[in-house]
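Let's take a walk through this structure together, one stop at a time. Have the sequence and the 3D view ready, and follow along.

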Amino acid sequence: MSNHSAQYPQGYLDKETFKSFFAVTGGSGNFKYQPGYERIPDNWYKRAIGTEYSIPAFLLDVLEYARQDPRLLSVGGNTGTPNSFTGIDITALTKGVFNGATLAQGNNLQCFIFQLIQAEAPGVLTGLYSDLTKALQPLTESISGALGGLGCPQLMELDESLYEKYPGYKKNPVGL
């Protein structure tokens, strides 16, 4: 997520530009979020054709940042009070298919993310579309194509009961 130009062909992103994406003002220790002011910065340039930011490149960046600060791979949420972040055990969530150590091996992080999206999408989209199958078709085709040939461990189901400790979690029953 950086600005690519003739001066910075590999990209450049300063703090002020980064904050503008997410409508954040102020300095460290005094950040303020301004809902509704998220934007693409002025004079923002896309990558040149042929140097698009790919999913594998994104995942390599995630792993590099996680190497520097492993907390970035924490999956979980707040449990109703400030500073109450509680992680979810990936092994329990995936019923043993993935764990913290195996996510860093081979294509497993990519496999986990794609299969997690595929598993959670129906619940997220239920109620938004009258024909859920039709709405999910492009996503299903895209993920199936991305997973093809990766040799992913098969994530058959998630233990969604682990989400119940998060007050903001609400399961959309299928068919509403």
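This is a predicted model: local features need pLDDT of at least 70, side-chain atom pairs count only at pLDDT 80 or more; totals for chains, interfaces and linings use all residues.

Asn83 has a relative accessibility of 80%, so it counts as exposed. Its backbone has something to show as well: phi at Asn83 is positive, about 55°, although the residue is not a glycine.

Now step along to Ser84, which belongs to the loop between strand E3 (76-78) and strand E4 (85-87). Is Ser84 buried or exposed? Its relative accessible area is 10%, and the cut-off for buried is under 20%, so Ser84 is buried. Leaving aside residues up to four places away in sequence, Ser84 touches Gly77, Asn78 and Thr79.

There is another positive phi to look at, this time at Ala23. The angle there is about 60°, and Ala23 is not a glycine either. You'll find Ala23 in the loop between helix H1 (15-21) and strand E1 (24-25). With a relative accessibility of 4%, Ala23 counts as buried, whereas Asn83, at 80%, counts as exposed.

Let's zoom out for a moment. The protein chain has five helices and four strands. Going along the sequence, they come in the pattern α-β-β-α-β-β-α-α-α. The C-alpha trace spans about 50 × 45 × 40 Å along its principal axes. The chain has 176 residues, and 23% of them count as buried. What share of the contacts with a separation of 6 or more comes from residues 24 or more positions apart? The figure is 51%.

Next, the helices. Two packed helices are described by the angle between their axes and the distance between the axes. Take helix H4 (residues 108-125) and helix H5 (residues 132-147): their axes come within 10 Å and cross at roughly 180°. Angles over 145 degrees count as roughly antiparallel, so that is how H4 and H5 run relative to each other. On the H4 side, the contact is made by Gln110, Cys111, Phe114, Gln115, Ile117, Gln118, Ala121, Pro122 and Leu125. H5 brings in Leu132, Leu136, Leu139, Thr140, Ile143, Ser144, Ala146 and Leu147. Sorted by type, the residues of this contact come to twelve nonpolar, five polar and no charged.

H4 has another partner in helix H2 (residues 55-68). Here the helices pack at an angle of about 110°, with their axes 10 Å apart. That angle makes H2 roughly perpendicular to H4, and the crossing is right-handed. From H2, the residues in the contact are Ile55, Pro56, Leu59, Val62 and Leu63, and from H4 they are Leu109, Gln110, Ile113 and Phe114. By type, that gives eight nonpolar, one polar and no charged.

Ala104 and Arg67 are 37 residues apart in sequence, and the distance between them in space is 9.9 Å, C-alpha to C-alpha.

Last stop: the aromatic rings. A pair of rings is described by the distance of the centres and the angle of the planes. This model has four aromatic pairs. In one of them, the ring centres of Tyr8 and Tyr12 are 4.8 Å apart and the planes are at 20°, so the pair is stacked. Tyr8 is partly exposed, with 34% relative accessibility, and Tyr12 is also partly exposed, with 42%. Further along, ring pairs link Phe18, Phe21 and Phe22 into a cluster.

Conventions
Residues are numbered from 1 along each chain as its sequence is written. Side-chain values use heavy atoms; hydrogens and water are left out. Axes are lines fitted to C-alpha atoms, for helices over the stretch in contact, and angles run from 0 to 180 degrees between N-to-C directions. Helices (H or I, at least four residues) and strands (E, at least two) are DSSP runs, numbered from the N terminus. Angles under 35 degrees count as roughly parallel, over 145 as roughly antiparallel, 65 to 115 as roughly perpendicular and the rest as oblique. Contact means heavy atoms within 4.5 Å. Ala, Val, Leu, Ile, Met, Phe, Trp, Tyr, Cys and Pro count as nonpolar, Asp, Glu, Lys and Arg as charged, and the others, Gly among them, as polar. Rings of Phe, Tyr and Trp (its six-membered ring) pair if their centres lie within 6.5 Å; planes under 30 degrees apart count as stacked, over 60 as edge-to-face and the rest as tilted. Buried means under 20% relative accessible area, exposed over 50%, partly exposed in between (1.4 Å probe, protein chains only). A crossing is left-handed if the near helix is turned anticlockwise from the far one by less than a right angle, and right-handed if clockwise.
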